[in-house]
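Biologist: I'm new to this one. Can you walk me through it?

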Amino acid sequence: MYSAFVEYAVSQGVPLGTVTLILMLPIVVLIIAFFRQVVGIKAFGIYTPALIIFAFLAIKAEAGSFWGGIRYGTAIFGTVIAVGTLARIFLRRFRLLYLPRVAIVISIVSLSTLLMLILGGMFQRTGLASVSIFPILIMITLVEKFVTVQIEKGGKAAVYLSLETLFISIVGYSIASWALLIFYLQQYPWLVFVAIVINIFLGKWTGLRLSEVIRFKKLIKNV
Amino acid sequence: MFKAYQKSKTILGMNSRNLTFIRPNNLKRAKRLADNKLKSKRLLKKNGIPVPGLIAKIKTRQDLDNFDFSKLPSSFVLKPNMGLGGDGILVVYGRKKNCQNIWVKADRSLVTEDDLRNQIRNILEGSFSRTSIPDIAFFEERVKLSRVFKPYSYKGIPDVRVIVYNNVPVMAMLRLSTKGSEGKANLQLGGIGCGIDMATGTTTSAVQGKSKLIECIPGTRLSLSGIRIPRWQEILELAVKAQQVSGLGFLGADVAYDRDDGPVFLELNARPGLSIQIANMEGLLTRLKRVEGLKVKSAKHGVKLAKNLFGGEIEEELEDISGKKVIGVVEKIKLIGKNGAEKEVEAKIDTGAYSTSVDIELARELGFEGVIDYFDKIKKPKEITKKDGKNIMEDLRAKYLHKNKDLLDIDVVYSSSGITVRPKVKISFVMDNETVITRANLTERADLKYPVIIGRRDLKKFLVEV
């Protein structure tokens, strides 16, 4: 059924889902690298969007449907960012040092997330209420990244980068949920090496990014 | 579409900046120096580059507790040593009247001693440093606004960003702060960037923020083009010197202009932004490639090159005054031989040679086969020493000149490949729309890269940029 390698891994007791997810990781990070180098979407580095894509995938596994993953994932993501912003504005007047301030923001965000889950249950959104701790924790760690960017580059940049992260996460999640891709990865696990080769090309790519073509539009016309 | 793609190749993008220019040219040690403001200040000062004076530095919490804020002058700048992109910088313009330790910021808001302490504590914690490691805070003198820039600047001090590569200042822009940019001249914060003509130091086009083209200061009718930056030559020289001292092969140098002290060097930048291209309405990549590999002898030489290569206006000005044309080391020329025979070739411009020489085969194609065959038959001494060269030349001239009407002269040429006897013919060439009639010597150049070299005797109408 699957490639010999995958069959062997499964026969040794590694769950098929885990094997597939691990094989998917190189594809997911390739997508993120592509978005950065060729399209020019920054997001919060490579680590945060990759984790969030996996959080989305985990939510999908529990909610049972592709759209469930997007809906609940986006809901939790949005809550975290919105509450993070409000908490920071609220805390600004107290003039606290960095780490304690982030600690308070994370606390407020976790409590709000819990509240949201309870509310979801009250409105019969059982899919939301039953989301496991793993994706929720990942989303909450997003706050630290968010607050750091807020302090370093300002609130506007932070919101912008969050939206970019959300966008990349949804695109990555959609590709990683693609049945055909999953099928091929299980059949031909060596495809991950192709991803590495593509990454080498991306790493040597010195052309303009799509975002730069737009940014320099007038200049290109004028040269 | 394809044309647009070709044009886009003149522009420097993030990928190319990082991979082609920053990675190989800005080594780790140099980058660390640029990120450390106090260290680079010290180094620049030691090498005779003027920098704003240091008032005090605060390294630890204890330093902060012992610091006497009343000793601060009425205007100063508070900076984090390892700050990023203008973050964490606090500028005050004066003390509030009748108050000991309250200062006024650009937007007229007040800064108290407690505000300063809190800011310094955050700096020490590393809130503004690149990697959140503990940092040092320091106070430095504020650059005083010059009368030249007063009408253009909203509260902040304008500065000139110069991109320096291979000891040549490649592109520059004047950065002005606006109401929106909180007295900082950073483009990301809404500041204005004006492109600068490299030769004259006069502003050309302008951009606000990341990509909005403007002509006047917003809300006024003050034109942003035609601002003449004082002591331009010195500013460019400072930028090149800073590159030599810092070892940053690809440098963004920030130089401000102080009302009393003139040009002062503000900051070294190892990762200069790309908006400078929009401000100048020109791509950086072509300019960077232009200066790659050039041998630049001194800061003055680098600045001269920049003015010749990238100064649009001065080039024409110069041609108007002296009637000279600026040409490169290799130029396309059109040779005109006998009976109107024409040939287009690449010629090497060699100011080290006195006269022009042309390859024999090429001369044949231009209609000189008669004189070449005649010259081949002449009996010439095989071995010539420097001593008897002159006698041989006189002898040959007396015997054979005027016997062939194309043979204008016979010359003994001392070159790196030995001493040779060469015939001279009358030939003309067109270079940069300028026709030159010359006496060229003919020689074997088949193995050489260029079939023609043009010597300095024929370069009187030109100015060669190396």
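Modeller: Let's go through chain A, then chain B. Keep in mind that this is a predicted model.

Biologist: Okay, chain A. How many helices and strands does it have?

Modeller: Chain A has 12 helices and 0 strands. Along the sequence the pattern reads α-α-α-α-α-α-α-α-α-α-α-α.

Biologist: What share of the residues in chain A is buried?

Modeller: Of its 223 residues, 44% are buried.

Biologist: What is the average pLDDT of chain A?

Modeller: It averages 88, and 99% of the residues score at least 70.

Biologist: Which elements of chain A have the lowest and highest mean pLDDT?

Modeller: Helix α6 of chain A, residues 126-129, has the lowest, at 70. Helix α10 of chain A, residues 191-204, has the highest, at 94.

Biologist: Switching to chain B. What is the strand order in its open sheet of 7 strands?

Modeller: The order is β11-β10-β9-β8-β7-β12-β13, and the pairing is antiparallel.

Biologist: Which strands stand at the edges?

Modeller: β11 (212-214) and β13 (262-269) of chain B. Each has a single partner strand, so one side of each is left without a neighbour in the sheet.

Biologist: How much does the sheet twist from one strand to the next?

Modeller: The average is 30°.

Biologist: Zoom in on β12 and β13 of chain B. How many bridges join them?

Modeller: There are 7 bridges between β12(B), residues 250-258, and β13(B). In that pair, B:Ala253 stands opposite B:Leu268.

Biologist: Which helices pack against the strands?

Modeller: Helix α2 of chain B, residues 14-25, lies across β7 (159-165) and β12 of chain B. Its angle to β12(B) is about 80°. Helix α10 of chain B, residues 299-310, also packs on the sheet, touching β8 (168-176) and β9 (192-197) of chain B. Its direction makes about 75° with that of β8(B).

Biologist: One last residue. Is B:Lys46 buried or exposed?

Modeller: B:Lys46 is exposed, because its relative accessible area is 70%, and the cut-off for exposed is over 50%. B:Lys46 belongs to helix α4 of chain B, residues 37-46.

Biologist: How far is its C-alpha atom from that of B:Val245?

Modeller: The C-alpha atoms of B:Lys46 and B:Val245 are separated by 9.8 Å. Along the chain, the two residues are 199 residues apart.

Definitions and conventions: Residues numbered from 1 in each chain as written. Chains lettered and ligands numbered in written order. Predicted model: local features only at pLDDT ≥ 70, side-chain atom pairs only at ≥ 80, totals over all residues. Heavy atoms only, no water. Pairing = 2+ DSSP bridges. Helix = DSSP H or I, 4+ residues; strand = E, 2+ residues; numbered from the N terminus. Axes fitted to C-alpha atoms, helices over the stretch in contact; angles between N-to-C directions. Contact = heavy atoms within 4.5 Å. pLDDT = per-residue confidence, 0-100. Buried < 20%, exposed > 50% of the residue type's maximum accessible area, 1.4 Å probe, protein only.
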